[in-house]
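Here is a walk through one protein model, sheet by sheet and helix by helix. Have a look at the fold before reading on.

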Amino acid sequence: MTLDIREYRCLVAGKEVIIETGRFAQQAGGAVTVRMGDTMLFCSTTMGSPRAHLDFFPLSVDYEEKMYAGGRVPGGFFRREGRPSEGAILTSRVIDRTLRPLFPKNMRNDVQVILMSLSHDKEHHVDMLGIIAASTALMISDIPWNGPVAGARIGLVDGALTANPTYSEMQSSKLDLRVSGTADAINMVECNADQVDEDTMLEALFMAHDSLQDVIALQHRIRAEIGKEKQGPSVDNLEDALLAEVEAEVEAPIRDIMTAHSDRTARRAPLQEIKEGLLAEYTARNAAVDSEEPVNLAHVERAYDQVMKDVVRGRIVNDGVRPDGRGYAAMRPLAAEVGLVPRVHGSGMFLRGETQVLTIATLGTPREAQFMDGLSPEDDKRYMHHYNFPPYSTGETYPLRGPRRREIGHGALAEKALLAMMPSEEEFPYVLRLVSEVMSSNGSTSMASVCGSTLALLDAGVPIKNPVGGIAMGLIKEGEKIAVLTDIQGMEDHLGDMDFKVAGTVDGITALQMDIKIAGVTRDIMRQALAQAKDARLQILDVINAAMPQPRGSLSDFAPRMESVKIEVDKIGAVIGPGGKNVRALQDEHNVKVDIQEDGLVYVAGESGAEVEQALDKIRAMVEEPEIGQIYTGRVTRTENYGAFVEFLPNTEGMVHVSQLADYHVKSVEEEVSVGDEIMVMVINIDGTGRVRLSRQAVLEGWDVEEAMRRDAAGGGRRGGDRRGGGDRRGPRRDGNRRGGDRRGGQRDRRN
């Protein structure tokens, strides 16, 4: 088979993108590779048969992270790729959210988009490249789709906005903004930032959209040259006659109920009664007329939902009235509490209308960090946020099957919202895990999780830089009429055109996420949404500050106590010991956990602060270099006729000459000290080979190091009564140690 390989190139923010078609997957509907630097992605798009029985569009987007792309063997027992990593799931979601609004309405064909990494240079990100790859593959395929789109990343490096920064450049960036859009409008936003102001954020959004134009134009060219003829989509549209019939019957009653009841609970039963009565009427009609084609009851239900949607949206844009009676910029009642759960390290509850989230904070040791096994340069995470959305939160029942993509995505968003506000590892060395439990949901649970997380961290005593609050914005667009809504509830999210989540502090934005159901939103809408979100965020932060104005001054009694010490890298082995002997002994003796980082940072955690401090002192002693003039408490390890050998630091010993053992004449070393005795000694000399000479007499006499060295060089210490310490002469003890005689000269004992 002859391959028709085509290669196309263009610049995206000054960096070359290479798109190739025709080399791989000829049987797919469309397939491309996209490359930037040495990062290369493959993408295939294929459309299957229609699934008319479904009431949703069966689109699946999956990014497969192949470890061979980075020259790595996967971890785990099987040593092959298994379930997708959290990073791969988030990449799949970003691409899905970009593509989905541009498919024909009510399309029911199976569409599958599969992406996989072929090569990764650890410099160029895959997520925005994946959007370009998926869009191009759809454009050249036979799949009906209203693209193209493209994606771009914007960083804020050294105060300057930078398009498509590399991993290296992002290390110092205060902004990680990912934007996708068509030629005319933005249709997806994902962002985490370090308190970036609204004006800078808008500038970054517009810069991202401008940077997409060349690659969008290239996709049009590729489509014109090699694109396949598009198939007609299988759509499941409502018949106009049925919609008009249902509208005539239920519009007025629905409008009356929505006008009479601003409370969701109060209107639920009467609305359900209208819906059930409508379905019963058409069921009876189908049974009575055997000769005619029966009416599809699923279509009747969809027609009812459409009428409900039209009524709610019409009241918002025409009458300025939201379902619960609020104005466009008004928020629901807010409440915040902390310390609700005993024994946990921190807890916070945030309430917004009927949305309630409880977040629990747990402090852990460095060994409890999450290790990352993916293509990203990130090796581990010391801060994690997990989000749970159980069925009872919406009054439903369904099986629990672990976190779904939506829960992973919402957890990641709340995590990013607080990421820049976390204290440094040096300032607060704990691993942090937050778990947000959605207790009740009526919209904006991810942003309530941000607020609950802030409260839980403050309650746990974590010194975050600033409290973070979050708000969800919505959009209703009917022709030229536009309503930007603050604090959307569930019905407004379901029936609206946009879900735009904004989190931040009093000083700026820390996270954004935008999903839309229309082709895109204009710059004016983005500007208005950010302005309203800022006003709402400041109100929320006032509520958080009233509940918990600052972090608690002390950690929970049930949280581990942790301290750290920095040692030289070449001393790590001394602390670990042969086969881990030293560190195991340390942990067993003091009931602590010791974590040693590659850079020499050592963390010690335990239930008792005193035990932690004692373990730290021993670690310091293990790596301490002998210092001339310093006084140590050591243990006699052996004796000879000419002196005693004393281990005064771990694995470091020196010799005390018999003439330096006491402040009087010593006839025999064994009469003065025995193996196992603890004595205080001063380091008076270290020769070129590292041998250490010690003096006990210098401690007893109270000499400074210069005098001790001078007397040692002169042939031994004084024998007898020139007693500088001012003490009385005492005879030797039976065990060879002086009674009360070991004096420190005011210097700190280096051993416990």
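Four bridges hold S7 to S8, and the two strands run antiparallel. A word on the names: helices (H or I, at least four residues) and strands (E, at least two) are DSSP runs, numbered from the N terminus. Two strands count as paired if DSSP finds at least two bridges between them.

Keep in mind that this is a predicted model, where local features need pLDDT of at least 70 and side-chain atom pairs count only at pLDDT 80 or more, while totals for chains, interfaces and linings use all residues. Residues are numbered from 1 along each chain as its sequence is written, and side-chain values use heavy atoms, with hydrogens and water left out.

Back to S7 (residues 150-157): eight of its eight residues are buried, meaning under 20% relative accessible area with a 1.4 Å probe and protein chains only (exposed is over 50%, partly exposed in between). In a regular strand the side chains alternate between the two faces of the sheet. For S7, Ala150, Ala152, Ile154 and Leu156 are buried on one side, and Gly151, Arg153, Gly155 and Val157 are buried on the other. S7 also pairs with S9, antiparallel and over seven bridges; alanine 152 has valine 179 as its bridge partner there.

**The eight-stranded sheet**

S7 and S8 belong to an open sheet of eight strands, in the order S8-S7-S9-S10-S21-S20-S18-S19, with antiparallel pairing. Strand S8 (160-163) and strand S19 (481-486) each have a single partner strand, so one side of each is left without a neighbour in the sheet. From one strand to the next, the twist averages 15 degrees. Further in, S9 (residues 173-181) and S10 (residues 186-196) run antiparallel and are joined by seven bridges, with serine 180 partnered by methionine 188 in S10.

**The three-stranded sheet**

There is also an open sheet of three strands, ordered S22-S24-S23 and paired antiparallel. Its edge strands are S22 (561-566) and S23 (592-596), each pairing on one side only. Neighbouring strands here are turned by 20 degrees against each other on average, direction ignored. S23 and S24 (residues 601-606) share five bridges, and aspartate 595 is partnered by tyrosine 603 in S24.

**Helices across the sheets**

Which strands do the helices lie across? The table lists three cases. Contact means heavy atoms within 4.5 Å. Axes are lines fitted to C-alpha atoms, for helices over the stretch in contact, and angles run from 0 to 180 degrees between N-to-C directions.

| Helix | Lies across | Angle |
|---|---|---|
| H8 (residues 297-319) | S18 (469-478) and S19 | about 90 degrees to S18 |
| H9 (residues 405-419) | S9, S10, S20 (498-504) and S21 (509-516) | about 150 degrees to S21 |
| H15 (residues 609-623) | S22, S23 and S24 | about 15 degrees to S22 |

**Helix against helix**

Two packed helices are described by the angle between their axes and the distance between the axes. The axes of H7 (residues 264-288) and H8 come within 10 Å and cross at roughly 145 degrees. Their contact has nine nonpolar, two polar and three charged residues. In this scheme Ala, Val, Leu, Ile, Met, Phe, Trp, Tyr, Cys and Pro count as nonpolar, Asp, Glu, Lys and Arg as charged, and the others, Gly among them, as polar.

H1 (residues 86-99) packs on H9 at about 100 degrees, with the axes 10 Å apart. H1 and H9 are therefore roughly perpendicular to each other; that label covers 65 to 115 degrees, with under 35 roughly parallel, over 145 roughly antiparallel and the rest oblique. On the H1 side, the contact residues include Ile89, Leu90 and Arg93, and on the H9 side they include Arg406, Ile408 and His410.

**Two buried loop residues**

Arginine 322 is in the loop between H8 and S11 (334-338). Is arginine 322 buried or exposed? Arginine 322 is buried, with a relative accessible area of 0%. Leaving aside neighbours within four places in sequence, its contacts include Arg315, Tyr328, Asp487 and Glu492.

Methionine 421, in the loop between H9 and S17 (431-440), is buried too, with a relative accessible area of 0%. Beyond neighbours within four places in sequence, methionine 421 is in contact with residues including Asp194, Ile464, Val468 and Thr505.
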